[in-house]
Amino acid sequence: MNQHARIDSLPFIDVAAQRRRLGTRVDDAMRRVTDHCQFVNGPEVRELERVLSEFCGAKHAIGVASGTDALVLVLMARGIGRGDAVVCPSFTYAASPEAVALVGATPVFCEVDESTFNIDPVGIEGAVAAARGAGLRPKALMTVDLFGLPADYDAINPVAERFGLYVIDDAAQAFGADLKGRKLGTLAPVTTTSFFPAKPLGCYGDGGAVFTEDDELADVIRSLRNHGQGTDRYDNVRVGMTGRLDTIQAAVLIEKLKIFPEEIAARERIARRYNTALADVVGVPHLSNEHTCVWAQYTIRVSGGRRNKLADSLRAQGIPTAQYYPVPSHRQRAYRDYPVAEGGLAVTERLAGEVISLPMHAYLDEPTQDRIIAAVRGALRA
Ligand SMILES: Cc1ncc(COP(=O)(O)O)c(C=O)c1O
């Protein structure tokens with residue numbers, strides 16, 4: 001007989017709780033697709049695009065196969081390729097620089113801000129200088145709204161304009177957030193997102209979307225996601241790919257989008273509660289009344305090498321944590337030969353050594369939040 005007391009492990013993101021809340025709605029929506037059998041380009045895809053565009057205010061919403069494909073399709077549509085540089089943060093998920101490298105262009109890594117973890121507008125100039133120094137044409141700036149928080153577009157957009165950089169907002173972690181009342185999807189000339197299941201708005205597999213006001217860009221992306229289709233399926237006017245969103249995923253997302261605003265509000269309440277309870281013992285995330293954050297991750301900073309001790313202590317109490325990202329992109333084997341902004345990436349390096357994310361999802365009740373808070377405080381006191 002096992003003499004050890006069993007500690008229930010909490011989920012890091014509780015997709016099952018959301019499924020319970022949705023009842024049979026998602027299953028019914030999926031069944032409608034399996035009944036009509038239009039698995040690709042079905043009516044749910046067009047309906048999702050309509051409601052997504054209504055939700056965020058962008059003129060065009062284009063469903064695609066993943067957040068990575070969304071970035072690749074945008075870069076392809078802009079004709080960005082060999083000899084071109086795309087400035088992006090190093091402190092991000094691999095997909096951001098990966099999309100740039102996949103189209104043959106060069107990611108140039110720039111610095112992030114110490115308090116928001118998003119691109120530091122002041123660091124863009126150093127990245128442009130590094131790109132030019134490497135003989136590249138700086139073409140675009142890929143902002144990443146890390147952990148659900150919009151980047152500082154009021155400061156970034158004028159700098160991008162000064163250097164002739166086209167802004168691509170990688171909002172894979174932040175779709176649903178807003179800045180001064182405007183939702184992501186409308187803060188840059190083009191925005192992409194991911195519907196990976198763990199994202200704040202996730203589907204039941206892979207999916208993504210592109211948002212823009214630009215009619216011509218939207219037409220090209222719709223063609224590219226469908227093998228460069230022209231007027232009909234046997235008319236190929238450009239080299240494209242299979243980059244479409246599955247109808248079943250669109251059906252799932254239509255149902256999940258209906259409860260998304262309430263989920264965003266719940267996440268915000270939990271984050272504020274975590275912040276209040278933890279601000280005196282760890283570095284807590286940036287809050288402001290000017291933006292909402294969708295809290296893809298609730299990430300604290302723990303200095304002085306105490307991070308692993310905290311993770312171990314929480315794990316022993318059944319509380320999972322995650323470290324996004326312990327090795328920044330410019331130190332990864334796949335990306336370490338790409339240029340880094342002049343002046344280096346000291347903040348990125350520091351953050352990579354200190355960040356740790358706590359469980360965060362809309363269904364985290366107060367007793368569970370309190371259990372997590374007490375465990376963090378206890379571990380740091382020990
Ligand atoms: C910042 C960022 N960009 C792009 C992606 C890629 O999204 P997907 O996994 O849907 O391809 C992700 C996914 O985690 C991400 O976090």
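**Loop with Tyr-325.** I looked up Tyr-325 and found it in the loop between helix H10 (307–316) and helix H11 (346–354). Helices here are DSSP runs of H or I with at least four residues, strands are runs of E with at least two, and both are numbered from the N terminus. The peptide bond that joins Tyr-324 and Tyr-325 is cis, with omega at about 5°.

**Basis.** I note that the model is predicted, that local features need pLDDT of at least 70 and side-chain atom pairs pLDDT 80 or more, and that totals for chains, interfaces and linings use all residues. Residues are numbered from 1 along each chain as its sequence is written, and side-chain values use heavy atoms, without hydrogens and water.

**Lys-180.** I checked phi of Lys-180, which is near 45°, a positive value in a residue other than glycine. Lys-180 belongs to the loop between strand S6 (178–179) and strand S7 (182–183).

**Ligand shell.** I found 14 residues around the ligand, the closest being Gly-67, Thr-68, Asp-170, Ser-194 and Lys-199; a residue counts if one of its heavy atoms lies within 4 Å. By class the shell has four nonpolar, eight polar and two charged residues. Nonpolar covers Ala, Val, Leu, Ile, Met, Phe, Trp, Tyr, Cys and Pro, charged covers Asp, Glu, Lys and Arg, and the others, Gly among them, are polar. Helix H4 (67–77) and helix H5 (95–102) each supply at least two shell residues.

**Polar contacts.** I took pairs of N or O atoms within 3.5 Å. A polar backbone atom of Gly-67 is 2.8 Å from an oxygen atom of the ligand. For Gln-173, a polar side-chain atom lies 2.9 Å from a ligand oxygen. For Ser-194, the distance from a polar side-chain atom to a ligand oxygen is 2.7 Å. The ligand taken alone exposes 390 Å², of which the protein buries 92% (Shrake-Rupley method, 1.4 Å probe).

**Largest pocket.** I looked up where the ligand sits: the space it takes is the largest pocket, the criterion being more than half of its atoms within 2 Å of the grid points. A pocket is an open set of points on a 1 Å grid over the protein atoms alone, where a 1.4 Å probe fits, with protein on both sides within 12 Å along at least five of seven lines; lining residues have an atom within 4 Å of a point. The volume of this pocket is about 500 Å³. Its lining has 24 residues, with Tyr-93, Gln-173, Ser-194, Phe-196 and Lys-199 closest to the centre. H4 gives the most to the lining, three residues. I sorted the lining into twelve nonpolar, nine polar and three charged residues.

Methods:
A polar contact is a pair of N or O atoms within 3.5 Å; within protein, one must be able to donate a hydrogen and the other to accept it, and residues adjacent in sequence count only if both atoms are side-chain atoms. Grid points are joined across faces, edges and corners, and a volume is the space filled by probe spheres set on the points.
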